[in-house]
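Me: I have a structure to go through with you. Let us take the backbone first, then the helices.

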Amino acid sequence: MFHQISKEKSLQKALSVFNFAKEKSAFYQDKYKALPEISTYKTWLEVPILTKDELYNNSYPKSTKMLTLDMPLKKTIITSTGGSSGLARYTMLTYEEWDKFLKRQADALRLMGIKEEDVVANLFVAGSLWPSFIALHDNIRLIGATHLPISANIDFDEILRYIMEFKPTVLLSLPTVFVILADKILQQNLNVDFVKIIGYAGEHMSEMIRSHLRKAFGSSVKIESLAYTSADCGLIGYQCDSCASNEYHLPTDFQFVEFYNFEENRVCEPGETGEVLITNLERLSQPIIRYRIGDVAKWTGKACACGDKNPTFIIGGRAGDDFKIGGAYISMDVVEKSFSEYVSGHGISANYQFVLDDISGAKLKIVLRIESSDVEESRRVSENIKKNIEKNIDDIKVGEEMGLVILEIEFVELGKLPRSPITGKVKRLNDKRVR
Ligand SMILES: [Zn+2]
């Protein structure tokens, strides 16, 4: 399904994107003006890296400098990355590019096992220029499956009502949305064994969430990440049944990908982890060339058991979900470990927020707020969860003993944690000390 081309052919495509950009885009003309002629892999390595800031500052509508199109725009779509930090970035694609992006994503969904006979519930949030909902509309149509455009904009009970009525075989959404559906399914003791595939994107799916979903949807449900994608570059990696959870095949005819060692200023050796640089081979309206996307990865260097010749790589963890207490960095995994044994029982959900805030008297207040379908019942295990946190995070225990830290466990009703109005995500770590 996915074409495979040699690295040399992929480079040739990247070079033609480069030459096009240098000729047609004011930004790249300027960025590349001191470069010699680039025509071989050796000279390609001299092409300067594109940073996030450069992309942000030179993209439409802030600027038209990166564009190769004439104004006014025609036959284009503008979407947003939905950044909750208020620094949303916008992406403009021509309809032709949008179709090419979606064709690859539809192929990845087919590989996940979605077929024409499937009934697919699209449970992403629509609106605010967020592309997931409408992109899936086109993807599902390309596959030829039946589409239920339910969205996550409506009440969760309404979502569940549609699910029970139409019995979709595939559900596509964010982990946050699946967690609350699982909470409600467990609460009402519903049978949803018609669901065969849960495809997620947008957030990390922890082991705790995975096991919570299995309790509600059954142990045989297939839970898979939709793909490794970015709004600017489209599909960067797809998974076959032989891929490990963080392993992806590269679509060689769509992206030219390099892993880069910035400390030593060179491309990584096989097996060496480096930062991902992407050159998209088909986006010409605003070319993306050697873009430092912010992820780390390494080539596996192994032939995949599925027989697909497109090379495989392993994505490293994304940084960010750590917080600092008393000089030590603590991973959110430790927080999850403190209450995961209680999730799916006593009405306890896997949707939670861990809030750290400085309060008067130089004290640190920490609140673990967890959603629950039965708040009274959940409270019975509050003390145990508190003890687990104190046991797992020594700096919290010591802080409490010194009177510098206050730790509270709170339960709130399902759906009551603050969610991003654009994406529907719950921010699991809310460190108010970091601004
Ligand atoms: Zn494979």
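Me: Where is proline 61 placed?
Reply: This is a predicted model, in which local features need pLDDT of at least 70, side-chain atom pairs count only at pLDDT 80 or more, and totals for chains, interfaces and linings use all residues. Residues are numbered from 1 along each chain as its sequence is written. Helices (H or I, at least four residues) and strands (E, at least two) are DSSP runs, numbered from the N terminus. On that numbering, proline 61 sits in the loop between α4 (52–58) and β1 (76–80).

Me: What is omega for the cis peptide bond that joins tyrosine 60 and proline 61?
Reply: Most residues other than glycine have a negative phi, and most peptide bonds are trans. The bond between tyrosine 60 and proline 61 is cis, with omega about 5°.

Me: Which residue does a cis peptide bond join to proline 72?
Reply: Proline 72 is placed in the loop between α4 and β1. Its cis bond has an omega of about -5°, and the partner is methionine 71.

Me: Is serine 151 buried or exposed?
Reply: Serine 151 lies in the loop between β4 (146–148) and α7. Its phi is positive, about 70°, although it is not a glycine. A residue is buried if 20 or more other C-beta atoms lie within 10 Å of its own, exposed if 12 or fewer, and partly exposed in between, with C-beta atoms placed from the backbone. Serine 151 has 20 C-beta neighbours inside 10 Å, so it counts as buried.

Me: How do the axes of α7 and α8 run, roughly parallel or roughly perpendicular?
Reply: The axes of α7 (residues 156–166) and α8 (residues 175–188) come within 10 Å and cross at roughly 70°. Axes are lines fitted to C-alpha atoms, for helices over the stretch in contact, and angles run from 0 to 180 degrees between N-to-C directions. Angles under 35 degrees count as roughly parallel, over 145 as roughly antiparallel, 65 to 115 as roughly perpendicular and the rest as oblique. So α7 is roughly perpendicular to α8.

Me: Which residues in α8 do Phe156, Ile159 and Leu160 in α7 meet?
Reply: Contact requires C-beta atoms, placed from the backbone, within 7 Å. By that test, the three α7 residues meet Ile180, Leu181 and Lys184.

Me: Which residues of α12 are exposed on the other side from the buried ones?
Reply: In α12 (residues 382–392), the buried residues are Ile385, Asn388 and Ile389. What covers them includes α10, β19 (363–372), α13 (394–401) and β20 (405–413). On the other side of α12, the exposed residues are Glu383, Lys387 and Lys391.

Note on methods:
Two residues are in contact if their C-beta atoms, placed from the backbone, lie within 7 Å.
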